[in-house]
Protein chains: 2
Amino acid sequence: MLKFDEQKQYASFEGALKKRSEIEKIVDQVWEKGFDNIFFIGIGGTYASSMQVVQHIKEFSAMPAFVEHAAEYLTTGNKALTSNSVVVFSSVSGTTEEVLAALTKIKNEVGATVIGFIDKDNTPMGSLADYTVIYPMNEQLKFFMLADRFMQNRGDFPDYDELYHELDQYLPSALVEVEKSADAFGQAFAEKHHLDTMHYFVGAGNQMGATYSYAMCYWEEQHWIRTKSIHAAEFFHGMLEIVDRDTNVTVFLGEDSQRPLAERVAAFLPRICGNASFIDTKDYELKGISEKFRGHISHLVMMAVTRRIDAHLEKINCHPVEIRRYYRRLNY
Amino acid sequence: MLKFDEQKQYASFEGALKKRSEIEKIVDQVWEKGFDNIFFIGIGGTYASSMQVVQHIKEFSAMPAFVEHAAEYLTTGNKALTSNSVVVFSSVSGTTEEVLAALTKIKNEVGATVIGFIDKDNTPMGSLADYTVIYPMNEQLKFFMLADRFMQNRGDFPDYDELYHELDQYLPSALVEVEKSADAFGQAFAEKHHLDTMHYFVGAGNQMGATYSYAMCYWEEQHWIRTKSIHAAEFFHGMLEIVDRDTNVTVFLGEDSQRPLAERVAAFLPRICGNASFIDTKDYELKGISEKFRGHISHLVMMAVTRRIDAHLEKINCHPVEIRRYYRRLNY
């Protein structure tokens with residue numbers, strides 16, 4: 001299978017889940033001290049992951065949790081972000097310019113408690129955090145583990161132990177199996193759509209961040225294919241009018257509370273569009289994962305599927321995903 | 001001037017501003033009772049206006065204010081929305097299906113305090129509100145008047161009296177003059193872009209809601225032209241890679257705290273794109289409005305400019321803006 005090392009992938013998920021005890025200790029310390037609210041701060045991909053985790057929190061809890069865009073924070077600021085706030089970030093490099101500047105302001109001028117997930121140790125962003133968790137990849141899983149622990153402490157997440165007992169045991173293999181069983185679909189999808197001049201992605205719930213980031217951080221940034229992502233709840237309030245027989249539209253269907261919003265678009269689309277695709281996390285087995293927990297990990301399942309599209313799209317289009325036309329090549 | 005009745009437009013703004021004393025009474029009563037947080041609930045265009053007002057509040061205050069999408073509320077709910085919450089909505093018809101359903105739930109099951117801005121009296125949505133303000137159009141202005149009064153009561157908006165003294169006196173004529181002086185630009189823009197297969201709109205701050213709604217509720221829904229809107233802060237994190245010499249990109253530049261984010265895109269774009277347009281609210285005089293208040297009304301200035309584009313685009317494309325291909329013609 002193209003760009004797929006089963007053992008490595010399994011180990012990556014397994015290792016991320018093993019960071020949970022470390023995350024729990026951090027959350028519990030922060031919990032003991034007390035706090036007013038939590039901000040997930042990011043840009044681009046980390047902004048999308050922040051949207052996902054905040055949406056996830058909203059499903060279960062009234063805990064005040066917000067997405068904050070680092071560049072917006074640097075201009076508008078945020079009066080609700082105080083020394084009693086918790087700020088969470090994630091970074092691969094630990095150097096992302098705008099987030100680094102925002103964290104510097106948050107640390108030096110505001111004095112909030114900062115928790116950082118970074119792929120490697122000894123980074124400028126790491127040095128600004130009160131707590132760091134060092135582990136590569138698996139950004140969403142790390143954010144969700146943190147959020148779930150906060151919600152458990154708050155009494156909003158009684159299923160915590162049961163959920164993580166299952167995930168520790170079954171998630172790595174379930175996700176590896178998704179990738180394997182999605183490979184043929186990924187290839188067919190890439191073959192069909194590799195010449196698209198425009199592709200629309202529609203999603204809801206914890207799929208919205210996935211939809212947004214897949215469209216923008218993968219197809220636009222890495223494949224140089226134009227896309228638009230839209231929330232399934234908003235699809236009927238404007239965008240539908242420009243859809244016709246040949247429009248490339250893909251609906252992401254997850255299994256959280258907002259599944260009905262995506263289903264509504266999926267049911268409607270075929271009447272006006274002969275070129276719609278549907279990626280439904282329900283089509284994947286997820287051995288060992290209880291029905292009631294499938295919604296919690298739908299976004300990870302979707303990502304496992306889209307990884308297969310990416311692998312084939314890169315090959316078919318002869319367009320290595322690591323090259324950028326402008327980003328980090330031109331100053332802005 | 002095409003589709004422009006100066007007197008009528010002036011009277012529309014003036015009448016909206018005159019509703020302020022009514023809005024103040026409502027806000028003051030709600031303020032006296034006390035509340036935990038405010039939710040602006042909407043879909044499509046009203047969702048965009050909600051984004052604008054919540055962004056506006058963030059500029060000045062830590063008052064807990066949130067955007068809630070009616071359809072999302074109907075699936076996920078919102079545990080922070082309680083009987084101590086204030087819920088604000090706006091509607092032209094007073095019948096919008098999803099908002100009506102959400103309000104019914106909020107009124108009957110949650111018991112929050114509901115304030116409704118509706119274009120006409122005696123509507124199903126009006127009957128669910130504790131307080132209504134009946135006046136056509138001017139949705140953003142109505143939302144901002146309400147938010148500003150809440151912030152004044154909170155002590156976060158000392159300029160309130162000074163601002164509205166100016167707006168009452170000068171805003172109607174300032175906006176009418178913007179429309180008149182933007183007409184030639186609107187015509188040229190419409191002539192240049194009426195055949196676009198895709199158009200990108202970029203904005204930040206209180207222009208983001210304007211950008212989102214202009215792209216989706218005007219060009220897509222009314223003109224049937226494909227668009228994508230993106231926050232200026234996110235432009236550099238994906239979308240820029242698909243921009244080339246001929247890409248149609250328009251940057252909305254307002255005058256609130258996030259102007260630098262839009263300026264950054266505007267400064268960068270010409271290096272990679274020979275087809276970029278810039279609509280800058282600074283180019284309009286706004287007689288009588290102090291420098292420090294221009295940012296408060298940038299979104300209204302932008303809307304006055306885009307109205308001129310719409311008038312010409314409709315004519316050139318022979319596409320009446322009131323027709324819909326699918327919306328309210330097919331069930332979903």
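How many residue pairs are in polar contact between chain A and chain B? The count is 37, with both residues at pLDDT 80 or more. A polar contact is a pair of N or O atoms within 3.5 Å; within protein, one must be able to donate a hydrogen and the other to accept it, and residues adjacent in sequence count only if both atoms are side-chain atoms.

This is a predicted model, in which local features need pLDDT of at least 70 and side-chain atom pairs count only at pLDDT 80 or more, while totals for chains, interfaces and linings use all residues. Residues are numbered from 1 along each chain, chains are lettered from A in the order written, and side-chain values use heavy atoms, without hydrogens or water.

Now the interface. In contact (heavy atoms within 4.5 Å) are 62 residues of chain A and 62 residues of chain B. The copies meet through the same surface, because 100% of the interface residues of chain A are also interface residues in chain B.

Eight salt bridges link chain A and chain B (a Lys or Arg side-chain nitrogen within 4 Å of an Asp or Glu carboxyl oxygen). K58(A) pairs with E68(B) in a salt bridge, their closest N and O atoms 3.1 Å apart.
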